[in-house]
Amino acid sequence: MGINRATVAVGFVVSGVLMVFFGTVLTFVGPIIIDDQVVKNTVIDPKNEMSYTMWKDVPVPFFMSVYFFNVLNPKEVLAGEKPMVEQRGPFVYRKQIQKDNITFHANGTVSYREYRRFFFEPSMSSGDESQVVTIPNMLVLGAAVMMENAPFPLRLMISATFKTFKEGPFLTKTVGELMWGYDSGLVDFLNKYLPGMLPSTGKFGLFAEFNNSNTGLFTIHTGQDDIRKVHKVDSWNGLTKLSNWNSPQCNMINGTAGQMWPPFMTRESTLPFYSPDACRSLELVYQRDGVMEGIPLYRYVAPKTLFANGSEYPPNEGFCPCRQSGLLNVSSCRHDSPVFLSHPHFFNADPVLLDSVQGLRPTEDEHGLFIDIHPLTGVPLNVSIRLQLNLYMKKVSAITETGKISEVVMPMIWFEESGYIDGPILSTFHTNLVVLPTVMEAMQYGFIALGLATILIASLVHHREKRARSHVAMTFSGKDNPVSNKERAEGSRPPTEEKCVINK
């Protein structure tokens, strides 16, 4: 029994229509499936093993690179001349982060404390921690500014105390001592007779209170009830707002804890987060699109208004008393010490700050901070947070250690906290969030293209088959062969009898 090609062609047309229909359905359903998977894997839930582990233990390499501003002319600075510095570093520390005391609550939040430890990485550093540098003595020059308005006899007594413990205006110590603490008779005296005056009770160091410490009790949203709230801070140390600053807006605790953000970001989205170390909420803005190992990303950077003073940007008035733009006064949460944060080398700051110190050369590539985010999931792919610690110095009468120092905001160190997704985590991330969606998208358009091609080819075959059958039918009916018609016409006449005529 022969195959009816026309019937087969019709079958292929029907198959093509079904493929087009399936591909069209996938174009609508596919994104919904992907979004649903993103939501399931973004919610903070111990059942989501990979995403929960990433949130809990942060298994990506994280480093803190520290650069010191070595003072080259301390004697001249005491005489009132402009400070001259040279950058020393980096001194790189691997940062280990782990969340502990994790408690889930019935209202869709989870509380935890995040502990951090630092380990020196000699192979990544410009030298070891035994290198010696000279920086301003915060205990002396910071205390002098704090005591500027104290009674004259008290200032004399403070100066005498500095002399008793042989504390001068500048320190020449090893990197390790300046970072993690050094022995000081003055520190021991203050901790004994004036407890609580210093941030730590042991040795005095710039990062002594950070190592083996936690960032406070965070309570954040899990996203179970509303994925738009996932990772957003509900409270910090039981507080829903701060009290360090002078306006309700500046005291707000906004955004996330600074490690992940809600999914489905757009270019209009911002990146708000609360930083306990900066004592305030910060907000980054979209700069450009990018790609990392085939994964699409949005780059977010600090706007120029981040550290602008209240005169240039009125919403920042609550962070004052302010000095030049480009500085954040953190004295209110640093025991009233005259300490300011800025971008490294006074990048994006008032040129007056840059002109007051020799040896600074700010560039965006080296000193601008950024976070690269995968917009679909809100997961950071590459992070570089760069900040500078500065000390406000000036001559204070009766405290002879200040000499004739000109009023200056003096850079002491700057540091970069950086991390990026790499290795198996990057491969898994790339497979789940780039390869699979790409395959699904290719499938949906592939089905549509294949279906249309099948319909077209089957239609042509069906049309040709129909014409062929019509041709055969016409042939058998005689409509298409005039010669044969004539012959058939002649052959249909009755035969004539031939007569034989004999001529006589």
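Okay, so this structure holds two disulfides, a disulfide being a pair of cysteine sulfur atoms within 2.5 Å. Quick housekeeping: this is a predicted model, where local features need pLDDT of at least 70, side-chain atom pairs count only at pLDDT 80 or more, and totals for chains, interfaces and linings use all residues. Residues are numbered from 1 along each chain as its sequence is written, and side-chain values use heavy atoms, with hydrogens and water left out.

Let's take the pair C279 and C333, with sulfurs 1.8 Å apart. This one links distant parts of the chain, 54 residues apart. C279 sits in the loop between strand 8 (271-275) and strand 9 (280-292); strands here are DSSP E runs of at least two residues, and helices are H or I runs of at least four, both numbered from the N terminus. The link is right-handed, with 90° about the S-S bond.

Buried or exposed, what is C279? At 3% relative accessibility, C279 is buried, and so is C333 at 18%. Buried means under 20% relative accessible area, exposed over 50%, partly exposed in between, using a 1.4 Å probe and protein chains only.

Now the other one: C320 is joined to C322, again with S to S at 1.8 Å. The torsion there is about -90°, so this disulfide is left-handed. C320 is buried at 13%, while C322 is partly exposed at 32%.

And which cysteine is left out? That's C250, which is in no disulfide; its nearest cysteine sulfur, on C320, is 8.3 Å away. C250 is buried too, at 4%.
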